[in-house]
Amino acid sequence: MQKFISEQNLHTLLDKLIAEGTRVVAPRMNAGTPLYEPLKSASEMVADQLPRRSGKEAFFPLCEDIMTYEKEGQKVTLKDIDPARFPETVLVGVRPCDAAAIPVLDAVFSWDYKDEFFLERRKKTTIVGLACTSADDACFCTAVGLSPSETRGSDLFLTPLEDGGYACESYSEKGEALIKGHLELFAEPGNSRAVSLAQPQTEKFDLKKVKAWLDEHFEDSSWDSIATRCVGCGACAFVCPVCHCFDIVDEGTEKSGKRRKNWDACGFWKFTHHASGHNPRDQQPKRYRNRIMHKFKYYEDKFGQTLCTGCGRCIRLCPVGIDIAQIVEEISKK
Amino acid sequence: MCDHTNKNIYLPYLATVEEVIDETPDVRTLRLVFQDEQVRENFTFRAGQFGEYSAFGAGESTFCIASSPTRTGHIECCFRSVGRVTEELRRLEVGDTMGVRGPYGNSFPIEEFFGKNLVFVAGGIALPPLRTLIWNCLDWRDKFGDITIVYGARTESDLVYKRELKEWQERADVRLVKTVDPGGNGPEWDGKVGFVPTILEEAAPSADNTIALVCGPPIMIKFTLPVLEKLGFTDEQVYTTLENRMKCGLGKCGRCNVGNVYVCKDGPVFTAKQVKAMPMEF
Amino acid sequence: MHPEKQKHTFEPKIIAFVCTWCTYAGADLAGTSRMQYPPNVRVLKFPCTGRIDPVFILKAFQQGADGVLVSGCHPGDCHYIAGNFHARRRFAVFRKLLEFVGVDLNRLQFSWVSAAEGGKWVEVVTDLTEKVRAMGPMTEFRELALEEQWSGAINTPELEEAYNQI
Amino acid sequence: MTKSIDTSIYAAVSEAIRAEAQRILSDGTVTAIVGYAAARRKGSAQPIVISSADDAAKLIFTPACVNNLAVYLTKAKKEIPKKGKVGIVVKGCDLKALSGLMGESQLKREDLYLIGVPCAGVLASTVQPATELTSDSIAPKCTECDAQLPGGCDFVPPQAPLTPGQTRKYAAEIARLEALTPAERWAYWKEQFSKCIKCYACRQVCPFCFCEQCLCDRNKPQMVDTTPRPAGNTAWHIVRAMHLAGRCAGCAECERVCPMDIPLNLLNRKMAKELKELYDYEAGFEVNDKGPLNSYTEKDDQSFIK
């Protein structure tokens with residue numbers, strides 16, 4: 001379904017949704033940092049900045065409770081978290097690189113055992129993508145086969161128009177339902193052209209070639225030169241739209257507390273450290289190798305997808321300037 | 001509260017500690033009974049599978065289910081007290097409640113072992129993952145040929161399941177070769193003295209129609225595999241279980257992988273052939 | 001004869017980190033001398049004030065203390081010669097840090113109480129308890145403990161109940 | 001008002017670094033040099049370790065050379081070979097960190113060959129690496145810099161940086177916060193800390209966070225909650241500021257690398273300010289065996305103690 005929505009009507013739509021009790025999550029400024037966060041009013045939305053953290057947070061929170069426990073003498077009572085309590089959400093202004101990440105994550109959270117925490121949020125969230133109009137030289141969505149107008153993952157996709165407002169196309173029943181529920185705010189598509197979209201400068205990687213090299217080069221001296229400078233923080237993984245490793249910890253007192261699931265990163269030494277003291281990935285280059293391998297080989301092996309959408313966040317935010325686009329490009333040329 | 005139809009895959013079953021057995025000064029066995037009647041009746045597993053055991057307030061740890069699937073009504077876990085969770089589990093007394101998730105992972109293909117001789121090779125705290133299979137096989141004794149168990153630990157007191165070792169030693173249908181590392185033997189020691197790979201070579205079980213099951217610290221495995229090869233075992237005849245740090249046990253959390261193999265889903269039981277095909281990252 | 005116990009609407013929880021050689025002995029003296037002081041204080045004994053890590057103070061506030069007292073030997077009297085001199089600098093700086101983060105320093109008291117100063121112990125504990133009582137409960141850290149990242153927050157009655165019990 | 005900053009000396013400085021690196025690697029003075037090299041993105045730079053004289057040509061110095069390379073010489077980075085003498089390119093602020101590490105017996109002066117860099121400032125983390133250096137785009141730490149010309153190095157290019165007077169950004173911000181009520185300050189930090197994602201980038205880049213196992217990675221006992229919730233985040237940042245008090249040399253790496261823009265260096269600057277007032281201590285180029293928090297005098301202030 002193709003429609004047009006004016007900037008003002010978009011705001012009206014969001015305010016209406018908020019008033020109805022739907023959680024509207026969109027890029028907004030939090031103490032000077034753009035983040036996807038629930039809006040109190042549509043006017044808070046900042047559409048022109050790539051949020052510092054990706055949209056995965058709406059489905060796979062930074063930290064969430066998975067149960068509570070209470071001890072009384074020898075007895076323990078557990079309380080489950082009812083996924084039915086997750087709020088209905090509309091995620092608006094999502095960059096194509098963030099939206100495309102969500103179907104990639106579906107694979108891992110729904111193979112074999114089903115992670116209802118992710119899947120239930122997924123079910124209850126409508127993703128409104130927004131075509132991307134500005135790229136810097138860290139952006140490389142085009143290199144991994146996506147683009148600033150990529151609609152994968154979006155239920156509804158907005159493209160800014162030259163004469164103002166947005167061209168609006170639905171790609172799922174959820175997207176269609178959002179339009180139909182508020183038809184009065186949408187108009188028939190007009191003749192205005194789309195504004196010129198972002199043009200990331202990175203050339204397309206030959207991902208097959210990259211994988212073929214990775215298949216053969218688990219042991220390779222280049223891992224050391226790539227990752228010696230890595231300081232072992234989790235910044236790249238935490239800002240990544242598709243990194244999905246997590247930890248499970250208990251927090252509370254002797255008497256009662258919660259079990260929580262929170263983001264973890266393969267860059268941490270503790271990630272694979274055994275209680276015995278043995279660590280299969282005992283050096284930083286081994287940990288960084290796992291990051292690259294997971295993204296461009298393991299995930300491909302297991303789920304037939306690339307675990308990277310080229311958002312460039314890890315490049316911009318790496319404390320020591322590790323540039324995954326450059327690394328993969330070099331691999332593709334080997 | 002916590003029935004197995006529950007959709008929350010991270011929610012454990014509650015289990016009561018029925019018996020506490022000290023195996024060594026720092027290794028303890030807990031015998032557990034599920035509190036929910038339905039779970040108690042319907043919980044089944046296969047030898048080699050593992051569970052996630054909770055000490056509430058401390059977290060979860062991963063161990064194999066150490067009891068035999070043929071002994072129903074309870075399960076056992078056996079662990080060394082080294083970290084926050086295991087120390088907390090060690091504090092549990094009879095009647096206390098803990099959590100169990102599982103069974104997870106693959107298992108030993110026991111049906112394929114029918115009619116064959118079995119050689120179990122274990123070191124230290126790595127006997128429990130094989131003990132589940134050993135009892136499974138002993139309970140179905142007539143389905144297997146000769147059964148040899150080579151088990152070693154650093155010292156006499158580090159040997160786990162001492163009562164069962166005695167029982168196996170006394171059985172005519174099991175050959176038990178027990179050993180301790182040089183210097184680990186006391187005056188009463190009636191077993192061998194030497195490292196497991198050496199003792200295995202001495203014991204020299206025939207590779208003919210035989211399956212070898214190896215579990216132990218990485219260093220023991222490293223030196224045992226060549227010995228088995230020397231004795232004529234092919235890589236398909238040798239099974240081992242891998243131990244990696246895990247959190248979810250469900251193929252989600254992303255830390256137990258060795259290359260593209262998720263130990264929690266594709267393992268923990270592998271043939272030596274599979275292990276050799278993996279990158280050296282375990 | 002016990003004096004009439006006064007009824008208060010708010011009984012603050014005070015955690016006292018004390019050194020075993022002086023203040024603990026001082027508190028003991030207060031007890032054996034049958035001096036009265038508020039029962040709000042929970043005493044934790046350490047070998048020396050030098051062993052009292054600032055993180056303990058933080059943890060106490062996080063776990064629900066309304067006030068924290070740190071007390072040890074007078075300067076020059078340290079059983080380990082200089083433990084309290086080091087502690088003095090550390091706590092001077094830690095106070096400034098907490099103040100900068102926005103913790104009201106009236107909830108945190110340091111003192112030197114010797115083994116002979118049962119009376120001073122009573123005075124210090126009473127002063128702090130009454131001061132904190134007047135200030136009301138320490139809500140900052142408790143509220144913080146209930147806060148979730150927006151993405152992980154779910155507001156269910158069961159959870160709220162569970163929270164309230166923690 | 002935006003004032004431009006003269007970076008014309010950087011080209012000559014880069015040239016001098018390259019020549020010196022070439023010389024000390026080929027004559028065997030050092031086995032490796034930790035320096036900066038250009039990276040793919042326009043104007044960007046990244047740390048590099050070179051061990052061959054042929055690679056000396058890769059070394060650069062530009063306003064994008066923001067890292068404090070001292071972190072690569074600490075225990076936390078076991079991957080860098082520490083055989084023989086190692087050369088390192090240091091700005092004044094980085095040199096203070098090295099002096100601190102020497103004071104804490106983590107490094108020996110004789111194992112290092114210090115290539116000092118005259119520096120007029122580097123770029124803030126909030127701007128793209130190709131941005132021109134101005135009073136707006138400059139890193140906040142550089143507005144308070146008193147170490148444009150490092151002292152006590154083995155080699156310093158002869159150029160002298162020109163640094164116009166700057167508004168001291170941290171001093172101004174600390175003064176602003178100090179003037180608030182405790183409740184207002186608490187609200188400020190609560191908002192900042194709630195953004196934290198516990199990526200530990202602040203810890204990993206800090207030259208002084210060289211502990212084999214951080215207090216926060218230990219779970220017996222679990223002193224600080226590991227989950228990235230406001231409570232654990234606040235505890236973590238308080239603990240870190242305390243552990244750095246009297247040690248932090250002001251390189252502001254923690255703040256630069258924070259992906260969530262938490263003004264972490266404000267805490268460290270505040271601590272430095274207090275230590276200056278209380279014990280007249282300031283991080284500098286000289287090596288002190290004892291920092292202010294592992295020494296004492298009998299006359300230290302105790303007005304806050306009953």
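Guide: Helices (H or I, at least four residues) and strands (E, at least two) are DSSP runs, numbered from the N terminus. The model is a predicted one, in which local features need pLDDT of at least 70 and side-chain atom pairs count only at pLDDT 80 or more, while totals for chains, interfaces and linings use all residues. Residues are numbered from 1 along each chain as its sequence is written, and chains are lettered from A and ligands numbered from 1 in the order in which they are written.

The part to look at is in chain D, where four strands make an open sheet of mixed pairing, ordered β2-β1-β3-β4. Two strands pair if DSSP finds at least two bridges between them. From one strand to the next, the twist averages 30°. Within the sheet, β1 (residues 32-38) and β3 (residues 86-90) of chain D run parallel and are joined by three bridges; D:Ala32 has D:Val86 in β3(D) as its bridge partner.

Across β1, β3 and β4 of chain D lies helix α1 (residues 9-26) of chain D, at about 150° to β1(D). Such angles run from 0 to 180 degrees between N-to-C directions, and axes are lines fitted to C-alpha atoms, for helices over the stretch in contact. Two residues are in contact if their C-beta atoms, placed from the backbone, lie within 7 Å.

Chain D also packs against chain C through a helix pair. The axes of α2 (residues 54-62) of chain C and α6 (residues 230-244) of chain D come within 10 Å and cross at roughly 160°. That makes α2(C) roughly antiparallel to α6(D), a term for angles over 145 degrees. In this pair C:Pro54, C:Val55, C:Leu58 and C:Gln62 meet residues of α6(D), including D:Ala231, D:Ile238 and D:Met242. The contact has eight nonpolar residues, one polar and no charged. Here Ala, Val, Leu, Ile, Met, Phe, Trp, Tyr, Cys and Pro count as nonpolar, Asp, Glu, Lys and Arg as charged, and the others, Gly among them, as polar.

As for the chains, five pairs touch, and chains A and B have the most contacts among them. That contact takes 45 residues from chain A and 37 residues from chain B. On the side of chain A, β10(A) gives the largest share, six residues. Chains B and C have no contact, and their closest C-alpha atoms lie 12 Å apart.

Terms used
Angles under 35 degrees count as roughly parallel, over 145 as roughly antiparallel, 65 to 115 as roughly perpendicular and the rest as oblique.
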